[in-house]
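Hi everyone, thanks for making time this morning.

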Amino acid sequence: NYEQPLSSSDHKTEVASLRQIFGRFKALTPSRAWEATGVGILALAAAGGALLFHALTVWIEHNTIERFEAMGTAWFVAGSLVSVVVGSLLASFLIAQFAPNTGGGGVLPTKLAFWKEFGVMTKAEAVVKLLASSLTLGSGVSMGPEGPSLQIGAATMSSGAAYFGVAKQSRRAWCAAGAAAGLAAVFNAPLAGITFILEEIIGDLHSRLLGRVVLAAVIGALIAHAVLGPQPAFQTSALGVIRWQAWVLVPFVAILAAIGGALFQKFALGLRGKLNVRAKSAWSPYKPVIGAIVTWIVGIAVYSFTGHAGVFGIGYSDITAAIAGHLVWTTALALFVGKVLATAGAVGSNGCGGIFAPSLFIGAAAGAFLGGVVNLGFHLASGEIAM
């Protein structure tokens, strides 16, 4: 005696029965519970995609810019040029061939999808944005991870919502929640992710989507905490007692940082306007290579003067050094000017990366410069410079 294998018709009958049982069970439970479960599962996927983007970026950077820098000046000069150009070419090819709307920072395409397409985004957007942004940032082009992580999370969760039977007209909540999860995961900062999505993508701090955005952002931060640990993005000395002389510097630091941000924006928009005037050709999708070359020229100039490679890529190590008061004022000034010019070139040529991290770099360098100058005549504690 032996059991007969199930025929295809029997198998279909069993599957139909299971679906019927599941449907009845689902009908007896609150719909909000199923929605929250779906948000939680897809938020895990969105955060995982953003963390994969982070890990791939770090790996590429370690095997390109950092490795060439360790090999000596001549290797760094030649190797960094090959790195930024090849990385930008590969990223541009992926974008042009598979997902043209993944170029640039990532915030604007996500916002357009949220409002014009009911939040509908595709798996191709998530995959291409992950690969292209990793290649761009990891190879050394002066941009940041926040825009890409936002778009990766939004596209992952929006496309994944289809598997939960969410209609296209109802994808906005999933798109916004995925963006929050991705942003919170990369920066390990749920409050920042929630606030940014409500202000920049949704445009309403009292939106009815708040609950799902909060849930996804918290899950994203918890995943980042589990994978990357509890460390903050930047380390700093204990502040201790802050004297009034340090507080007096704050408005001047803000003014200098604002000037840097305004110049960066003006240069970027000016370059973008000039590039957009030209007639479109087969090489138009590869305009980001211009920004990569600008990054290399400025980055090598600053490196030759200071020995610091912070103009390349995200530059987190030099931001940390600036906050800790480990940069002399001449180095901080060179990094400040260099980051403004390099990022303007990358953004102006529509490079695949964000602008928030470079803005942090510009602000930190501005503070380190003014703190260093004042420190020449009036001693500031490391905590006061970090402030």
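What you see is a predicted model, where local features need pLDDT of at least 70 and side-chain atom pairs count only at pLDDT 80 or more, while totals for chains, interfaces and linings use all residues. Residues are numbered from 1 along each chain as its sequence is written, and side-chain values use heavy atoms, with hydrogens and water left out.

Now the pockets. On a 1 Å grid over the protein atoms alone, a pocket is an open set of points where a 1.4 Å probe fits, with protein on both sides within 12 Å along at least five of seven lines; lining residues have an atom within 4 Å of a point. Points are joined across faces, edges and corners, and a volume is the space filled by probe spheres set on them.

The largest pocket comes to about 1,100 Å³. Its lining has 43 residues, and Gly104, Gly105, Gly106, Arg272 and Asn350 lie nearest the centre. Helices giving two or more residues to this lining include H5 (107–116) and H14 (329–348), but H11 gives the most, with six residues. By type, the lining divides into 23 nonpolar, 17 polar and three charged; here Ala, Val, Leu, Ile, Met, Phe, Trp, Tyr, Cys and Pro count as nonpolar, Asp, Glu, Lys and Arg as charged, and the others, Gly among them, as polar.

And the second largest pocket? That one holds about 690 Å³. It is lined by 30 residues, with His54, Val58, Glu61, Tyr316 and Ser317 closest to its centre. H2, H3 (65–70), H8 and H13 (316–323) each supply at least two lining residues, and the largest share, five, comes from H2.

Staying with H2 (residues 31–63), let's look at Thr57, which lies in it. Is Thr57 buried or exposed? Thr57 is buried, because its relative accessible area is 5%, and buried means under 20% with a 1.4 Å probe, protein chains only. Leaving aside residues up to four places away in sequence, Thr57 touches Ser134, Leu137 and Gly138, where contact means heavy atoms within 4.5 Å.

Last stop, H4. Its buried residues include Phe76, Gly79 and Ile95, and what covers the buried residues of H4 includes H3, H6 (123–138) and H12 (288–306). Happy to take questions!

How values were computed:
Helices (H or I, at least four residues) and strands (E, at least two) are DSSP runs, numbered from the N terminus. Buried means under 20% relative accessible area, exposed over 50%, partly exposed in between (1.4 Å probe, protein chains only).
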